[in-house]
Every structure is written in structure tokens, then in C-alpha cells.
Amino acid sequence: MNAYTEYQIKNFYEKYKDQTFDQDDIALFITASRDDTDHGSIFKELGDFIAHPNLKDRGMVIKNLKPVIKYFEENTDDMLDGKRPTIELPFSIGFNNEILDELYSVFGMVGIYPSSRNIHSPSFREFMFCLIFLLGNFKLELNKKTCPLVVTFSGALSLTVLYPSNKYPKYLAEFTLAFLGNVYTGGLPSFYKKKLDEHIVRRLFDGSLAAIPYEFDKDCYLTGEKPFPKGVGLPLGEKLKS
């Protein structure tokens with residue numbers, strides 16, 4: 001590991017511990033540590049996403065999705081009839097505890113061994129919040145089809161990939177790659193569901209994290225000089241100040 005990589009990992013850990021990071025910090029951290037993580041690991045896969053921003057056509061996620069896509073293609077009519085699948089549907093990036101374990105293994109590469117780890121800790125929830133929106137910018141090639149990754153909010157935050165059926169191209173299977181529960185709902189009805197594209201996660205003037213549209217990623221909004229318009233942005237915790 002070179003000195004720059006070690007510095008970036010240690011620098012990110014301080015921001016992680018103090019909850020001062022945002023989406024760009026995570027992108028840099030993953031990119032810097034990519035070549036020193038094991039082949040087939042989650043963080044190697046995350047680094048490969050960033051290294052191939054236009055279209056990812058190989059790797060762990062695609063390998064994990066192949067069995068369920070094959071099942072979907074062979075049982076499309078049954079799925080359309082409402083039958084539940086009999087195959088386990090994986091979280092193709094990894095379950096949150098697996099992502100947490102690998103995150104701490106990266107910290108361990110530079111001699112940092114935090115005494116405790118918890119998938120419900122504020123720092124890790126913020127990490128997952130940023131990671132989901134970061135990955136929402138990418139696409140996968142599955143069976144020669146370009147399939148976008150989609151960030152959806154419905155009281156929880158999910159990262160999914162939409163895969164069109166060979167037999168019925170307008171019929172899309174939705175497979176989960178990552179998930180974060182209990183995101184701020186603001187009193188929205190239980191059936192509320194919204195796709196969030198072209199958003200970036202920023203740290204606001206009050207220390208909170210929020211996913212905001214690209215057009216509002218400006219200092220005047222982030223510092224609180226101008227209020228966000230009503231309905232703009234998704235906070236992880238408390239309501240955006242407007």
C-alpha cells in the first residue's frame with residue numbers, strides 16, 4: 001500500500017468517526033483503497049463500479065444476479081400470475097452486516113481496529129445512505145441488456161436494478177442490491193414511493209446529511225444562506241430546514 005492510499009483511508013476513518021463525510025468522501029475512499037482490497041470482495045466491487053461509470057459488464061454483482069435472472073426468464077408467466085418465487089433473492093452488493101465487516105477490514109489495513117461495530121450506528125447508516133446514492137448513478141449489462149440502477153424512497157431507501165423480460169420486454173423484474181431502512185418519512189402516507197435520480201448526498205450547515213438534486217448542490221443552499229424549496233431533498237434524519 002502506498003503512502004497516499006494509507007493517508008486517504010486514515011483520513012476517511014476520522015470523518016467516518018466524526019460523521020463529517022459526504023458522498024464524495026466515500027467515492028474517494030473507495031477509489032483509493034480499491035487496488036489493496038481482495039479480488040471478489042465487496043469493496044473491490046464498489047471500486048470497480050466507480051472505475052467503470054458508464055456500464056459495468058462483469059464482477060460480483062452480475063455473478064450474484066445470474067441465477068435469479070435465469071429463474072425469472074424460465075418462470076416469467078408464473079411471476080406475471082402473481083406466484084411468489086421459490087429462489088432466494090440476494091442483496092447483490094451484500095447485506096448491511098457484510099458491508100460493515102468489509103468496511104472495518106479496510107480500516108484494519110492501516111492498523112485501525114475500532115472496538116465496536118453496529119449496522120445501526122449513525123456513522124454506518126450515513127455511510128449506507130451515501131453509498132446507495134453513489135451507486136444509483138451506474139448501469140449493469142445483464143444478458144446484453146443495459147439495466148439502470150435505481151434509488152427508490154418509500155420510508156426506506158433501496159438500490160435496485162430493473163431487468164426486462166426476454167418474453168415480455170415491458171415487464172421488468174426488480175432485484176435489490178442494497179437497502180437502508182427507517183429513512184425520514186415526514187408524515188408521508190405508507191404507500192408513498194418515489195424514484196430519486198440525479199441526487200447527491202451532501203453535509204448541510206447543521207451537520208445533517210441530505211440527498212439533494214444536482215441543481216441545488218451549491219454553497220448558498222448547503223450553508224443555509226438560501227432555504228431549500230419545499231419538497232426538495234431527502235434527509236436521512238430530521239427534516240430539511242426550509
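Me: Which residues does Met109 touch, not counting residues up to four places away in sequence?
Reply: In this predicted model, Met109 is found in the loop between helix 6 (96–108) and helix 7. Residues up to four places away in sequence are not counted here. The residues that Met109 then touches are Met1, Ile9, Asp36 and Thr37.

Me: Is Met109 buried, partly exposed or exposed?
Reply: Buried means under 20% relative accessible area and exposed means over 50%, with partly exposed in between. The relative accessibility of Met109 is 31%, so this residue counts as partly exposed.

Me: What kind of aromatic pair do Phe12 and Tyr16 form?
Reply: Phe12 and Tyr16 are four residues apart in helix 1 (residues 3–18), which means that about one helical turn separates them. Their rings are 6.2 Å apart, centre to centre, with 40 degrees between the planes. Planes under 30 degrees apart count as stacked and over 60 as edge-to-face, so the remaining angles count as tilted. The pair of Phe12 and Tyr16 is therefore tilted.

Me: How many residues apart in sequence are the parts that the pair of Tyr16 and Phe127 ties together?
Reply: Tyr16 and Phe127 are both buried, and their rings form an edge-to-face pair, 6.4 Å centre to centre with 80 degrees between the planes. Because Tyr16 lies in helix 1 and Phe127 in helix 7, the pair ties together parts whose separation in sequence is 111 residues.

Me: What distance should the 15 residues of helix 4 (residues 60–74) span, and how far apart are its end C-alpha atoms?
Reply: The expected span is 1.5 Å times one less than the number of residues. For the 15 residues of helix 4, this rule gives 21 Å. The expected value agrees with the distance between the end C-alpha atoms, which is 22 Å.

Me: Where in helix 4 does a kink of about 35 degrees lie?
Reply: Helix 4 has several buried residues, including Leu65 and Val68. Its buried residues pack against helix 3 (42–51) and strand 4 (172–180), among other elements. The kink comes shortly before the proline Pro67, at Lys66.

Me: Which residue lies over the face of Phe21?
Reply: Phe21 belongs to a cluster linked by ring pairs, which includes Phe12, Tyr16 and Phe127. At 5.5 Å from the ring centre of Phe21, the residue over its face is Arg203.

Technical notes
Residues are numbered from 1 along each chain as its sequence is written. This is a predicted model: local features need pLDDT of at least 70, side-chain atom pairs count only at pLDDT 80 or more; totals for chains, interfaces and linings use all residues. Side-chain values use heavy atoms; hydrogens and water are left out. Helices (H or I, at least four residues) and strands (E, at least two) are DSSP runs, numbered from the N terminus. The bend at a residue is the angle between axes fitted to the seven residues ending there and the seven starting there. Buried means under 20% relative accessible area, exposed over 50%, partly exposed in between (1.4 Å probe, protein chains only). Contact means heavy atoms within 4.5 Å. Rings of Phe, Tyr and Trp (its six-membered ring) pair if their centres lie within 6.5 Å; planes under 30 degrees apart count as stacked, over 60 as edge-to-face and the rest as tilted. A charge sits over a ring if NZ of Lys or CZ of Arg is within 6 Å of the ring centre and within 35 degrees of the ring normal.
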